[in-house]
Amino acid sequence: MEMYDFTYALPNDFDNRVYQLLQQLYKSHELANAFANCRYEYEDLGLAYYAGLKGDNWNKNAIDMTIEGSKSAILVLKSNKSIVENAMSKALKSTETGLLLRDTVYLVSDDFSAFPETNEERLNADIKSSELVLADLIKVGERLCSNATYDINSSENSINDFFRDTLSLMGYNEVKDQTRHGISSGGKEAGEVDILITKDGKEVAIFEGLKLSNVNTAYIDSHIEKAITNYNALGTATFIVSYVSTLNFENFWNKFLEFLGTHKFSLDVKRKMQNLSYPNASTRVAKTVLSRDGYDFPTYFITFKLLR
């Protein structure tokens with residue numbers, strides 16, 4: 001990127017960076033969670049100089065941010081306005097994006113139900129929301145399992161692309177593939193989550209896909225850890241989706257479920273692994289609840305049997 005060759009767009013990991021800054025730099029779980037439970041949009045006002053911003057603003061644009069949420073969440077954010085806006089300014093990566101925060105408007109919206117009184121209420125609401133995503137993923141999986149284009153010879157990436165494209169057609173307009181998000185396995189650079197699904201400026205699902213012909217525990221474990229630890233600073237509902245080529249699908253699932261039941265997760269397990277009812281002959285689903293820094297989130301394991 002040449003000097004002053006800016007993107008003039010929010011970074012893909014903007015909400016994740018704001019959350020991390022509020023939680024880690026400013027040591028406020030309350031602020032971080034309030035921000036995560038709101039949605040935001042921004043207006044590009046054009047050149048920052050003409051918008052009244054001083055300092056290092058050459059060729060940069062000013063933006064106004066609007067944050068909407070429940071009354072309780074907005075009250076928390078407005079009471080800490082300077083901290084929230086400092087975190088957002090840092091997360092903008094102005095040297096890359098060319099965007100500078102000018103002002104923030106905080107709106108209480110009737111679209112939001114009351115901010116949950118307890119973490120249990122918040123978790124239950126997240127589970128309800130994530131199960132809507134689960135239902136759609138199963139629909140996409142049904143198309144995959146009956147599509148002769150995808151079989152034992154298909155690559156993992158090509159099947160991930162099928163999910164990404166089909167989800168986009170189903171109304172998930174912000175499906176981001178191979179998004180730089182969180183940290184890599186080595187811990188030095190941003191990692192690349194297979195699919196990040198967002199709505200209204202808020203993460204709703206992390207999707208990690210892998211292709212299996214047997215219960216390769218080391219390979220499965222590496223994907224689990226990337227999805228729940230490296231990519232998931234916010235505690236977003238996580239879907240670990242396996243594309244399976246095997247003659248005995250039921251036997252595979254039983255071994256896979258046994259592995260999950262004894263697996264040593266790097267995060268606390270708040271609810272034991274549950275084997276859900278079978279949606280169809282080619283699909284199996286299990287779920288659990290994990291906890292990151294005291295924030296519980298649902299995690300789903302889905303397997304789809306590929307045509308041979």
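Buried denotes under 20% relative accessible area, exposed over 50%, and partly exposed the range in between, with a 1.4 Å probe and protein chains only. The model is predicted: local features need pLDDT of at least 70, side-chain atom pairs count only at pLDDT 80 or more, and totals for chains, interfaces and linings use all residues. Residue numbers start from 1 along each chain as its sequence is written, and side-chain values use heavy atoms, with hydrogens and water left out.

View A. Helices (H or I, at least four residues) and strands (E, at least two) are DSSP runs numbered from the N terminus.

**View B. D64 in strand β2.** D64 counts as buried because its relative accessibility is 14%. Its side chain reaches the backbone nitrogen of D103 at 3.3 Å. Leaving aside residues up to four places away in sequence, D64 touches E41, Y42, E43, L45, R102 and D103.

**View C. Strand β6 (residues 202-212) and its pairing with β7 (residues 238-244).** Nine of the eleven residues of β6 are buried, so the strand is mostly covered. β6 and β7 run parallel and are joined by seven bridges; two strands pair if DSSP finds at least two bridges between them. K211 has Y243 as its bridge partner in β7. From β6 the chain crosses through helix α8 (residues 217-230) to β7 in a right-handed β-α-β crossover. Right-handed means that, with the strands pointing away from the viewer, the path from the first strand over the helix to the second runs clockwise.

**View D. H263 in the loop between α9 (249-262) and β8 (268-275).** With 13% relative accessibility, H263 counts as buried. The side chains of H263 and D221 are joined by a polar contact of 3.1 Å. A polar contact is a pair of N or O atoms within 3.5 Å; within protein, one must be able to donate a hydrogen and the other to accept it, and residues adjacent in sequence count only if both atoms are side-chain atoms. Beyond residues up to four places away in sequence, H263 touches D221, I224 and E225.

Methods. Contact means heavy atoms within 4.5 Å.
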